[in-house]
Amino acid sequence: MAQDYVQPQFGLRGFNCPHSDCGTYAHQRWFHGIAIYPTQNVQAGFISWLQDYSVSVCDRCGHFSIWHNKKLVYPATYIAPLSVPDMPEAVKGDYNEARAILNESPRGAAALLRLTIQKLVIELGESGENLNRSIGNLVKKGLRPAIQQALDVVRVVGNNAIHPGELNVEDNPEMALSLFKLTNLIVEDMITKPREVNELFSSLPEGARDAISKRDSTD
């Protein structure tokens, strides 16, 4: 299961790196105050000390992030969770595009994520035309009730349907981040977990699997 995403926050010792080429959860080292040197031959009188700035350094990738008055100013991005490994290729492109534009347009990212969820529902064997009916069918296939409730929130907020390119005035970075997490949770529940169980079952001795098949065929 993918580790829960931890949004970058001032002072935290660990969070998901805000740099797009990293994005993983890692320990962060903090340095408060930035010294500005105008030339290589530094003299004490030419040093500018910026007290309102802090720097966090990711132990995983070594990149630094700059914070001003406890707010992240570099890199200027809302980093979203990476797609889980089992996300179908048919939806991964839209998911990654939503990650790329989240900072510039949270509403645009939310619209792309609605399209992503619509495509994901289709990948799971549903028509995607009627989200309410599709949600009910996915629950019968094993979708957890908690995720079903989250999907219903998306459906209601989106005027009772998920349509490609739909924008909603309520969309914001927090809503978009929730949609990223929801998309990954659906993949984990409906694709990753069944695959892992199937792999465990397939690892049983052939005789044990045959005995189970005979048992089930007589029920």
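Aromatic pairs number 7 in this structure, where rings of Phe, Tyr and Trp (its six-membered ring) pair if their centres lie within 6.5 Å, with planes under 30 degrees apart counted as stacked, over 60 as edge-to-face and the rest as tilted. The rings of Phe10 and Trp30 have planes at 70° and centres 5.1 Å apart, so this pair is edge-to-face. Phe10 sits in the segment before β1 and Trp30 in strand β2, so the pair ties together parts that lie 20 residues apart in sequence. Helices (H or I, at least four residues) and strands (E, at least two) are DSSP runs, numbered from the N terminus. Phe10 is partly exposed, at a relative accessible area of 25%, and Trp30 is buried, at 18%; buried means under 20% relative accessible area, exposed over 50%, and partly exposed in between (1.4 Å probe, protein chains only).

Another edge-to-face pair joins Tyr95 and Phe180, with 5.2 Å from centre to centre and 85° between the planes. This pair links distant parts of the chain, as Tyr95 belongs to helix α1 (residues 89-101) and Phe180 to helix α5 (residues 173-202), 85 residues apart. Tyr95 is buried, with a relative accessible area of 0%, and Phe180 also counts as buried, at 0%. Returning to Phe10 and Trp30, ring pairs link these two with Phe15 and Trp67 into a cluster.

The model is a predicted one, in which local features need pLDDT of at least 70 and side-chain atom pairs count only at pLDDT 80 or more, while totals for chains, interfaces and linings use all residues. Residues are numbered from 1 along each chain as its sequence is written, and side-chain values use heavy atoms, leaving out hydrogens and water.

What about His19? His19 is found in the loop between β1 (14-16) and β2 (25-36), and counts as buried at 9% relative accessibility. A polar atom of the His19 side chain lies 2.9 Å from the backbone oxygen of Phe64.

Note on methods
A polar contact is a pair of N or O atoms within 3.5 Å; within protein, one must be able to donate a hydrogen and the other to accept it, and residues adjacent in sequence count only if both atoms are side-chain atoms.
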